[in-house]
Amino acid sequence: LYGLAEVEIAQGRAADAVPLLRRALRLREASLGPGHKYAVEVRELLAKTLRGLGQDAEAARLLADGPS
């Protein structure tokens, strides 16, 4: 899912990548834990993508809710 989201972003379809990233984040957090580097990787790309779509508050909340 993460790789597919990266393709969507690269092709200018960031909005289509958001649901893929949300699902990838849920799966990685459930299987690896929220602090795992692969879960953090997805969280950061999702936040960056949301910021690019003008959803700054949601991006900030996502990062604030992540592990310290």
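Start by selecting L21, V42, L46, L50 and L62: these have the most contacts inside the largest nonpolar core, which has 15 residues. A nonpolar core here is a set of buried Ala, Val, Leu, Ile, Met, Phe, Trp, Tyr and Cys residues joined through side-chain atoms within 4.5 Å, where buried means under 20% relative accessible area and exposed over 50%, with partly exposed in between (1.4 Å probe, protein chains only). Next, colour the helices α1 (2–10), α2 (14–32), α3 and α4 (56–65), each of which supplies at least two residues of this core. Helix α2 gives the most, with 6 residues. Helices are DSSP runs of H or I, at least four residues, numbered from the N terminus.

A word on the model: it is predicted, so local features need pLDDT of at least 70 and side-chain atom pairs count only at pLDDT 80 or more, while totals for chains, interfaces and linings use all residues. Residues are numbered from 1 along each chain as its sequence is written, and side-chain values use heavy atoms, leaving out hydrogens and water.

Now centre on L46. Beyond its neighbours within four places in sequence, L46 is in contact (heavy atoms within 4.5 Å) with V18, L21, R22, L25 and L62.

Move on to E8 in helix α1. E8 is buried, with a relative accessible area of 14%. Not counting residues up to four places away in sequence, E8 touches R13, A14, D16, A17 and L20.

Finish at G52, in helix α3 (residues 37–52). G52 is exposed, with a relative accessible area of 68%.
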